[in-house]
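Thank you all for coming.

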Amino acid sequence: MSTIPSGARILASGDDAQLAARLVRRDADALSVLYDRYAGVVYSVLLRIVRDTAVAEDLAQETFLRVWNGIHQYDSERGSLAAFVLTVARNRGIDYLRSREHRLAGKSVAIPADDHPVLAVEGASALEQQQLVRRVRGALEALSPSHRTVIELAYFGGLSHSEMSEQLGQPLGTVKTWVRNALRVLREHLAEGGARRP
C-alpha cells in the first residue's frame, strides 16, 4: 500500500459487511481490498481538506491504519463501511489542520489592540471570521457520521446524489434524505448556535 490510486471514486460493492467481518478477524488481505476500494476517494477528501498532496498521501495511509486498528467501532446499522472509512479520513484531516493551527499559534506574537488601532479594526473582522469558522465546525460535528459524509462528498467531492448513492452503496432516496436532514440541522445550528443531532 505505497501509492494512492489515481481515481477518486469508490468502487461500489455489496460485500462490505463481509469485508468488515474479515477486517475484524484481522485478515490482512481484507485490508488490501479495503484500500483498493476506497483509497482514491479517501485521498481526494483529504486533499481537499489539507490542500497538500504529500500530507494527503500520508494521512490516507494513516486513515487505513486507523480503520484497521479501530474496525471494532464500525456499526453497520449506523452507516455503510464507506461512510465509516470517510469519517475516519475526515477526522484525521481535521485533526491535522487543528494541530498545525496550534503549532502556528504558538509561534505568533500578540499585539495589544490599543497599540495599533488600525490593526484592531481589521482584527475585528478576522475575529468574526474565526468565530464563523468555529460555528461551522461545531455545526458539522453536530451531524451524524452518515450525514456528515454526504455533506463532505457533496462539498469537497462535488458529487451528485446519484454518485453518492453509488459510492456509499445506499439507495438514492436514503442519500437524498441524509442530505436534506443534514442541511436542515446545519441551518438550525448556525441560526441558533445549538448543537442538535438529526
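**Surface, fold and ring contacts**

The protein exposes about 11300 Å², of which carbon and sulfur atoms supply 53%, with areas taken from the Shrake-Rupley method with a 1.4 Å probe, only the protein chains shown counting as cover for residues. Please keep in mind that this is a predicted model, in which local features need pLDDT of at least 70 and side-chain atom pairs count only at pLDDT 80 or more, while totals for chains, interfaces and linings use all residues. Residues are numbered from 1 along each chain as its sequence is written, and side-chain values use heavy atoms, with hydrogens and water left out.

As for confidence, the mean pLDDT (the predictor's confidence in each residue, from 0 to 100) is 75, and 70% of the residues reach 70 or more. Where pLDDT is low, the predicted coordinates should not be read in detail.

The protein has 8 helices and 0 strands, these being DSSP runs (helices H or I, at least four residues; strands E, at least two) numbered from the N terminus.

Turning to side chains, a search of the whole structure finds 2 aromatic pairs, meaning rings of Phe, Tyr and Trp (its six-membered ring) with centres within 6.5 Å, where planes under 30 degrees apart count as stacked, over 60 as edge-to-face and the rest as tilted. In one of them, Tyr74 and Phe84 have ring centres 5.5 Å apart and planes at 55 degrees, so the pair is tilted. Both residues are buried, that is, under 20% relative accessible area, with exposed over 50% and partly exposed in between (1.4 Å probe, protein chains only).
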